[in-house]
Amino acid sequence: MTFNIHNQHANVINQAAGNQWISGGQHVTVTTLDAARSAVDSLRQVVRTLPLDQATSSTARTSVDELGTELRKHSPAPPVVEGHLRRLTSLLKSTGALVTAGATLIGPLQVIAGWLGDLGASTLQLLS
């Protein structure tokens, strides 16, 4: 008997030539593009309220705007989003804003990094 399986698209795919046992379950978290866009709106609101100097605040707001512009595209480019996200996260971390603002910043950053999948791993490391 032969099975031909073509064009598989999923977060977890298990295939085996014989019997297959999976214990412990499999879990996948999927972040939609709409959730990532909404996270940018949240970031925009939080960044406005951060106690940053004028130059840093301007840079952070510009980074959020660049993220939003890319994510609003019909087909956003994940590497472009990742670059903007990593730069913004690095900036916020270096100023201590991640510590002072806490979950109000970290949550949206995690959502966008989640949308990026493996590309978002470097940003998630910055958050830890």
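Reader: Leaving aside neighbours within four places in sequence, which residues is L109 in contact with?

Author: This is a predicted model, in which local features need pLDDT of at least 70 and side-chain atom pairs count only at pLDDT 80 or more, whereas totals for chains, interfaces and linings use all residues. Residues are numbered from 1 along each chain as its sequence is written, and side-chain values use heavy atoms, with hydrogens and water left out. Contact means heavy atoms within 4.5 Å, and once neighbours within four places in sequence are set aside, the residues in contact with L109 are L43, L85, L88, T89, L92, L98 and L127.

Reader: Is L109 buried or exposed?

Author: L109 lies in helix α5, residues 103-116, where helices (H or I, at least four residues) and strands (E, at least two) are DSSP runs numbered from the N terminus. With a 1.4 Å probe and protein chains only, a relative accessible area under 20% means buried, over 50% exposed, and anything in between partly exposed. Because its relative accessible area is 0%, L109 is buried.

Reader: How is α3 oriented relative to α5?

Author: Helix α3 (residues 78-94) packs on α5 with the axes 10 Å apart and an angle of about 155°, the axes being lines fitted to C-alpha atoms, for helices over the stretch in contact, and angles running from 0 to 180 degrees between N-to-C directions. Angles under 35 degrees count as roughly parallel, over 145 as roughly antiparallel, 65 to 115 as roughly perpendicular, and the rest as oblique. The angle therefore makes α3, relative to α5, roughly antiparallel.

Reader: Which residues of α5 make the contact with α3?

Author: The crossing of α3 and α5 is left-handed, a term for a near helix turned anticlockwise from the far one by less than a right angle, with clockwise being right-handed. On the α3 side, the contact is made by P78, V81, E82, L85, L88, T89 and L92. On the α5 side, the contributing residues are L105, L109, I112, A113, W115 and L116.

Reader: Into how many nonpolar, polar and charged residues does the contact of α1 with α5 divide?

Author: The axes of helix α1 (residues 33-49) and α5 come within 8 Å and cross at roughly 150°, which makes α1 roughly antiparallel to α5. The α5 residues in this contact include L109, P108 and W115, and among those of α1 are L43, A39 and V46. Ala, Val, Leu, Ile, Met, Phe, Trp, Tyr, Cys and Pro count as nonpolar, Asp, Glu, Lys and Arg as charged, and the others, Gly among them, as polar. By that scheme, the residues divide into 14 nonpolar, 2 polar and no charged.

Reader: Which residue has a side chain joined to that of E70 by a polar contact of 2.9 Å?

Author: E70 is in helix α2 (residues 54-72) and, at 8% relative accessibility, counts as buried. A polar contact is a pair of N or O atoms within 3.5 Å; within protein, one must be able to donate a hydrogen and the other to accept it, and residues adjacent in sequence count only if both atoms are side-chain atoms. At 2.9 Å, the side chain of E70 is joined in this way to that of K73.

Reader: What is the relative accessible area of L124?

Author: L124 belongs to helix α6 (residues 121-127) and, not counting residues up to four places away in sequence, touches Q110 and A113. L124 counts as partly exposed because its relative accessible area is 37%.
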